[in-house]
Amino acid sequence: MANEVQMSARLFAAKGGASIDGTTFTVTANMTGTDMGQQTQDVSTSAESLDLTADLNAPYRVLIRNLDTINSLQVGGYDSVIYPNIVYPIRIQPGEMCLLPRVDSGWTMMVKSTAGVVKIMAQFCEL
C-alpha cells in the first residue's frame, strides 16, 4: 500500500497588526516497515530512553505530547559513538507536543522532566 502516513503542521501568530498566515503543511508518506503504536510513559527528572513498545526499527517518526499541566519535558538523545553526552535541544511545555518526522538509526531518544514526574503520550511508526 501507499500513503499510509500523514503528518500536518501549522503555526499561526498575530500581534501588533502583524501576522503569519498559518498555512497547514501536510506530508503524506509511505511506510516501508509495519510497526507502529501509541503509548503513555511516566518520565522523571533523570534521563531515560523513550520506551517504545513496538519492535520498531529506525528510521521512524514520533509525536510526543506532554500530558502534564505544570512541568515541561526535555527531549533529545545521543549517538554513543559521535555524541557521548546527552543533548536536549527540544523542550515541550505542559500540554504541548512535538512531531519529529525522522529519527535515524544510532540516535537514542532520551526524555527528562524538568521537575517531578511527567506523563507523556507517544505515537510512532516506522518509515
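Student: Is N3 buried or exposed?
Tutor: The relative accessibility of N3 is 51%. Buried means under 20% relative accessible area, exposed over 50%, partly exposed in between (1.4 Å probe, protein chains only). N3 therefore counts as exposed.

Student: At what pLDDT do side-chain atom pairs count?
Tutor: Residues are numbered from 1 along each chain as its sequence is written, and side-chain values use heavy atoms, with hydrogens and water left out. This is a predicted model: totals for chains, interfaces and linings use all residues, local features need pLDDT of at least 70, and side-chain atom pairs count only at pLDDT 80 or more.

Student: What phi does N3 have?
Tutor: N3 sits in the segment before strand 1. Most residues other than glycine have a negative phi. N3 is not a glycine, yet its phi is positive, at about 60°.

Student: How many helices and strands does the protein chain have?
Tutor: Helices (H or I, at least four residues) and strands (E, at least two) are DSSP runs, numbered from the N terminus. From that end, the elements run β-β-β-β-β-β-β-β-β-β. The count is zero helices and 10 strands.

Student: What share of the contacts joins residues 24 or more positions apart?
Tutor: Contact means heavy atoms within 4.5 Å. The tally takes contacts with a separation of 6 or more. Residues 24 or more positions apart account for 72%.

Student: What share of the 127 residues counts as buried?
Tutor: The C-alpha trace spans about 50 × 45 × 30 Å along its principal axes. Of the 127 residues in the protein chain, the buried share is 34%.

Student: Which residue in strand 2 stands opposite R10?
Tutor: Two strands pair if DSSP finds at least two bridges between them. Strand 1 (residues 5–15) and strand 2 (residues 18–29) run antiparallel, joined by 10 bridges. Their hairpin has two residues between the strands, and G16 there takes a positive phi near 60°. The residue opposite R10 is T24.

Student: Which strands stand at the edges of the open sheet?
Tutor: Four strands form this sheet in the order 4-9-6-7, with antiparallel pairing. Each edge strand has a single partner strand, so one side is left without a neighbour in the sheet. The edges are strand 4 (48–49) and strand 7 (87–92).

Student: Which residue in strand 7 stands opposite Q74?
Tutor: Strand 6 and strand 7 pair over four bridges, in the antiparallel sense. Opposite Q74 stands R91.

Student: How many residues of strand 5 are buried?
Tutor: Strand 5 pairs antiparallel with strand 8 over five bridges, and V62 stands opposite L100 there. With strand 10 the pairing is again antiparallel, over seven bridges, and R61 stands opposite C125. Strand 5 is largely enclosed by the rest of the structure, because its buried residues number five of seven.

Student: What relative accessible area does Q39 have?
Tutor: Q39 lies in strand 3 (residues 36–43). Leaving out residues up to four places away in sequence, Q39 touches D51, L52, T53, I120, M121, A122 and F124. Q39 is buried, with a relative accessible area of 12%.

Student: How does G95 count by accessibility: buried, exposed or partly exposed?
Tutor: G95 lies in the loop between strand 7 and strand 8. G95 touches R65, N66 and D68, with residues up to four places away in sequence not counted. At 35% relative accessibility, G95 counts as partly exposed.
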